[in-house]
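Dear colleague,

Please find below the structure I promised to hand over, followed by an account of what was found in it.

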Amino acid sequence: MPSSRPLRADARRNREALLAAARDAFLGGDTDTHVEAIARRAGVAVGTLYRHFETREALIEEVYRKEVDELCTAPAQLLEQHDPHEALRRFLLLLVDHAAVGKGMAVALESIMATSSPLFDNARTQMANALTLLLDAGAKAGTIRDDVTGPTLLRALGGICAMHVTEGWQDEARQITTVLYDGLRFGAPRTA
């Protein structure tokens, strides 16, 4: 069981190196990578890996959790840099890109799907909340319709991203996402 104490600087560096090595392996399609290979890529001993992650599944969960956490910080940053409707458009396309990342990790994540891990429920909640933030900002600005919720939009996008099993799906998914975005702007109240 990991300690709740803050990690020493060297332990934090080792943990981050392990997460980066695992992410690179999984996203590169090397889904059967053994923990020994991940530790070697990170430049640490396998014992160090097990001090941070009790199982391979725990490492996979943390890689995915970190991906989702980073993704869901984007809306606040996008709203600082763009008008709400443009921030929403950009985030929708980031979600399509995230689905491509998820495809690279799909086999690795299968082992977690068989457990009682709340990983996917938490990820869906985070993504729906991120979309709600953007939808609310767009509705307040009068550039996005106000009758669509974050969870509903996430389900629609999930249907689009389910195409990831088809070769060359990402370009078509981006095109369909643009049509979805246009629909979110249609019917938006016009500001005076």
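Two residues are in contact when they have heavy atoms within 4.5 Å. Counting contacts with a separation of 6 or more in this protein, 69% are between residues 24 or more positions apart. Please keep in mind that this is a predicted model, in which local features need pLDDT of at least 70 and side-chain atom pairs count only at pLDDT 80 or more, while totals for chains, interfaces and linings use all residues. Residues are numbered from 1 along each chain as its sequence is written, and side-chain values use heavy atoms, with hydrogens and water left out.

The protein has nine helices and zero strands (DSSP runs, H or I of at least four residues for helices and E of at least two for strands, numbered from the N terminus). Of its 192 residues, 41% are buried, meaning under 20% relative accessible area with a 1.4 Å probe, protein chains only.

Helix 4 (residues 56-71) and helix 7 (residues 119-141) pack at an angle of about 5°, with axes 10 Å apart (axes are lines fitted to C-alpha atoms over the stretch in contact, and angles run from 0 to 180 degrees between N-to-C directions). Helix 4 is therefore roughly parallel to helix 7, a term for angles under 35 degrees. Among the residues making this contact are Y64 and V68 of helix 4 and F120 and M127 of helix 7.

The axes of helix 7 and helix 8 (residues 150-161), in turn, come within 7 Å and cross at roughly 115°, which means that helix 7 is roughly perpendicular to helix 8 (65 to 115 degrees). Here residues including M127 and L131 in helix 7 meet others including P151 and L154 in helix 8.

Best wishes

Terms used
Angles under 35 degrees count as roughly parallel, over 145 as roughly antiparallel, 65 to 115 as roughly perpendicular and the rest as oblique. Buried means under 20% relative accessible area, exposed over 50%, partly exposed in between (1.4 Å probe, protein chains only).
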